[in-house]
Amino acid sequence: MPRFWRWFWVVGLGVPIALFTVWGLVDNAKLFLTTALNGLTLAALYFLVASGFTLVFGLMRNVNLAHGSLYLLGAYVGYVVGDKTGSWLLAVAAGFASAALLGLVLQTTVFRFMQGQDLRQTLVTIALSIMLADVLLWIFGGEIYQFDPPRWIFGRTPLPLVQVYPTYRLVLLAISAAIGVLLWLFLNRTRVGMMIRAGVDDRGMLAAAGVNVQSVFAITFAIGAGLAGFAGVVGGTALSIAPGEDTRYQLASLVVVIVGGMGSVVGAAIGAALIGVAEQFGLAYAPTYSVVFTFVIMALVLAFRPQGLLGRRA
Amino acid sequence: MSASEWRKAMNAGAGRTAWPRTAAAAPAPSRAARWRGRGAASADVRDETRWLRWIGGRVRARHVLVLLAVLAYPLLAPPFFTFQIGGQALALGLIALSLTFLAGYGGMVSLAQMTVAGIAGYMYAIFATSGTDISLGWPWWLAVFLALAIATVCGILIGWFSVRTEGIYTIMITLAIGVAFFYLVQQNYSVFNGFQGFQSVKTPRVLGVELRDPVPFYYLALFWALAGYFAVKYLLRAPFGVALQGIRDNPRRMAALGFNVTAHRVAAYAVAGLIAAVGGILMVWYNGLVSPGSVGTSWLINILIIAVLGGMRHPIGPFIGAIVFVLLQNFAVDLVDRERFNLLIGAIFLIIVLFSPDGLLGWWAGGAVRLRAVSARGRLGRRVETGEA
Amino acid sequence: MTSFTRQCIRQLALAAVFTVLAGTADAQQVVKIGLLATLEGPFAAGGQDGMRGAELAVKQRNGMVAGKKIEIIKASSDAKPDVAVNATRKLVEQDKVDIMVGPLSGSEGIAVKNYSKSQPGTTFINGSSGAQATTLTDPSPNFFRFNTEGAQWMVGLGDYALKTKGYKKMALIAEDYAFPYSQVQGFMTEYCKAGGRVTHKAWVPLGGKDYSSVIAKLPGDVDALLVVLGGSDAVNFLTQYEQAGGSKPMVGGSITVDQTVLNFKGKRRESLLGTPSAGPIADSYDAPEWKKFVADYKANFKDGFPSPSLFAYVYYINMKAALDGLEAVNGDLSGGQAKYREALKNLKLQTPTGVVTLDENRQAIGTTFVTEVAAGPDGVYYNKVVKVVPNVNQRLGMSKADFDKVGLGSRDVPNCP
């Protein structure tokens, strides 16, 4: 990086952020720290949704614009299971399983016949998202659903400086970190993970090496979709489920992935952290334009690093 | 992946339907040969009639029929059909045309074309007269000029942002930009009047004609739709359009030939921005209002649906798509429950994408090819019977 | 598949032709009423219940008024003003309805009111839209609203919060658009006049979902919170506030603790007990007219809510007004509906919550209930009536000059920090 640009970034971004941090801590340390924690926990949720999106995109170049619908589907199925069995953990499992199953079906019956036709695949996912949203509205209506998680994760935890903090949001942070680690282990330490990474780098070579690319694709799509369904239950517990959440998380994962770099799981984590923190600080300190902050970050990244922070040139 | 691969992806299945490519992109040899042949046969034809011949060579009976039909339409249809079906379809078709131009010929699928149209609408509402104090009340022609200029500049900016990455990313980036604009107008009260937007936006009266009355509005929209259509057709044959299509098919080769790929793409966004801006002004006159809902996610996607529905292989596609879309929007309620309108439009979109990537035009072309094959076989059969062969 | 779509297109063409022809049919023995509500998107549940309310009004008359058959033609929007106007235009110009009832939400209402000016031959009656500006700014001579609006719904609550509950200082959290502005105006006009103070206003973006940072910023030195959020925003806020250890009592807006929020699918609602709010209806109102209305609703709509929602009620009274007016003129819609409109203007509408009359802008003057959330013996939560305020008008009891000085509610109006 040329010297000028390094100074440009330090002066243009680093100094204002540092000043703001000092001011925030002096002015109201509790608010500042709570907001930072809120930002991180929201980022954890965004990461859960976006990691599946970026995984699928990285391997298959499939911009799955029905990813948000899978989130909502997992959430509703999870709710039904949780309501019938009374077990939140079963609900989480059902959320993952249902979305993963739908993902698997989609990959094997639709997308595998459109190999390499990226735009058509994307158009199909748009059509599916419109239809899924309407079918879910048809079945579940416009009511608001909330999960009933075990008491022990739904109380408050005393923390230094911020006094008390919702336990569930900390649990969310832990779940997200665990998923991140698991995903890393899966991609870096297992045979399938190795194939997926190889596929991200060069699909043609992977196939030529004698790997059954179709089954690798199917597994990846199922995991990616399953992560969306999983996030549906976990996120639905933190907030609530209602029509419209699909678009919200679809957009969140789009922005996270654009910022973090498309196809990179680590990039998704960084992107999610940036977006989540920016959104929460926006809500606390400039509520009117909180949503716009997110997009300012995106525009900055696009202007100076079009491939995303950790993305590679296509 | 490169744009060329992506383009291939878009073209997959084209061989089956065999839709004739535009002359510029791949000059149809048969037509060119016929042209030369005719020219040689009548070499003594004078210069003055060359234009007539040119028109005669291109204009077919079906073109004249369509033109007569759209011109006579308001005389036959009730005002509701003139305004809400005809006028709205033409205005929406114009916005979708800008997407067809970008996607079909530039290889860049932008979901932000409705945003550009919305910017034009908002700017018109701000500079001209509406029911809100924010509006400046300037003369309508000045407001129109400013709105078109600002929207086109915004279109160029969006293009500049999105051409920095390639191919399939465009759709994500433009979607994100479009939604950012939606949130901005919903939250900003000092300029965009927030959630309410601008209500009762005044439509100009020109020479005593209220432009929002069904018949004047229809002809106004028709004029601009035809202007947009012919502008796009002209551009595609002009050097710029040919270069653009070359860039769509193989940007690297075009760069090697000395073409500035980025500049051509941004210029395409400028053209598309202007077309969408005109459509946006028509829409704000049509609705008499502009609100965050006019630039929300559903409208961004609807423009894509219209363009894909009609077919992106010919500039007439978006207008056909718009007519079908508007008819569905108005009369789906009489067929299925209006509550399930989204399911219906989603299913139709899915069917089109799955079975006819070239939209309704693809079906038309496929049907025509089949028909020709059938009739040719029939003729052959007769010839055999009569012993001519 | 192909033949299926082809079939669809053919049907579509047929329908188009048919509707053109149907438009010219003899309309003497039938009165056509267009009914518009939001059946798509997040407001769909409310829109469906609104339709139920309107249908109930027709059913109570067995579909006949003054010897004429009532034909209802439905249309739907997605809460966007341009879509609402398109749907209305189809009903009015294509289906040629005589009377139009709808739409559901505030900005739709303003847009339809503006459209109504270009259709002097049709009478427009509101659905459930509750923007102040619809009738206060630039009213339309053929647009009638028999329901009270957002600001009127909060009258009485300010006094109740200050005097009965003793909340002297409050913080406000509300969505950032016109409907909450008017609700807050209705509350604060009274509350500030009586000496209360609202020291902190948090306007949150619509559909923000994650309120934890907004909650962290709420001041600790207030007696209570005024919460004007609707639907899932309300549920999210309440859950997160409880999780964050918030313990301030709350005062709710009209849709903060309504049926959709009280009956959300989940199990945690204890924090809502005792929350006062105000609105045009109250589940537990014990007037016989109200009880009959609820019983009728339950008998007719097995799939409805346990008790009619605000939307059902408001659509019901507007449709009832349309039919009562029709009866008053004996079904006579001649003369550009002049007689009918005169009858509507002078109507003393008997509603389940008392008599409603119209002011000079054709806006309702009606009853507001102050309520408190209570638990029934079966564990179902409902709104218990604590005060009934009759004859609430749109200027909140002020003279025209005084009200115009204040203007419509906004982020900063009214203000008493």
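Visitor: How many helices and strands does chain A have?
Guide: Chain A of this predicted model has eleven helices and two strands. Helices (H or I, at least four residues) and strands (E, at least two) are DSSP runs, numbered from the N terminus.

Visitor: In what order do the elements of chain A run?
Guide: From the N terminus on, the order in chain A is α-α-α-α-β-β-α-α-α-α-α-α-α.

Visitor: What is the radius of gyration of chain A?
Guide: Chain A has 20 Å, which agrees with the value near 20 Å for a compact globule of 314 residues. The radius is taken over C-alpha atoms, and the globule rule is 2.2 Å times the number of residues to the power 0.38. Along the principal axes, the C-alpha atoms of chain A fill a box of roughly 60 × 55 × 35 Å.

Visitor: And what share of chain A is buried?
Guide: Buried residues are 56% of the 314 in chain A. Buried means that 20 or more other C-beta atoms, placed from the backbone, lie within 10 Å of the residue's own.

Visitor: Where does chain A touch chain B, and how many residues take part?
Guide: The contact takes 37 residues from chain A and 37 residues from chain B. Two residues are in contact if their C-beta atoms, placed from the backbone, lie within 7 Å. On the chain A side, the elements giving two or more residues are α4 (118–140), α9 (245–260) and α11 (290–304).

Visitor: Which of them gives the largest share?
Guide: α4(A), with 15 residues.

Visitor: How does that side divide by class?
Guide: The chain A side has 27 nonpolar, six polar and four charged residues. Ala, Val, Leu, Ile, Met, Phe, Trp, Tyr, Cys and Pro count as nonpolar, Asp, Glu, Lys and Arg as charged, and the others, Gly among them, as polar.

Visitor: Switching to chain B. At what angle do α6 and α10 pack?
Guide: Helix α6 (residues 79–106) and helix α10 (residues 214–237) of chain B pack at about 20 degrees, with their axes 9 Å apart. That makes α6(B) roughly parallel to α10(B), a term for angles under 35 degrees. Axes are lines fitted to C-alpha atoms, for helices over the stretch in contact, and angles run from 0 to 180 degrees between N-to-C directions.

Visitor: Which residues meet there?
Guide: Among them, B:Gly86, B:Gly87 and B:Leu90 in α6(B), and B:Ala221, B:Leu222 and B:Ala225 in α10(B). By class, this contact has 19 nonpolar, five polar and no charged residues.

Visitor: Now chain C. How many helices and strands?
Guide: Chain C has 14 helices and 15 strands. Its radius of gyration is 22 Å, in agreement with the value near 22 Å for a compact globule of 417 residues. Buried residues make up 58% of chain C.

Visitor: How do α2 and α12 of chain C cross?
Guide: The axes of α2 (residues 44–60) and α12 (residues 310–328) of chain C come within 7 Å and cross at roughly 35 degrees. The contact of α2(C) with α12(C) has eleven nonpolar, three polar and three charged residues.

Conventions:
Residues numbered from 1 in each chain as written. Chains lettered and ligands numbered in written order. Predicted model: local features only at pLDDT ≥ 70, side-chain atom pairs only at ≥ 80, totals over all residues. Buried ≥ 20, exposed ≤ 12 C-beta atoms within 10 Å, placed from the backbone. Parallel < 35°, antiparallel > 145°, perpendicular 65-115°, else oblique.
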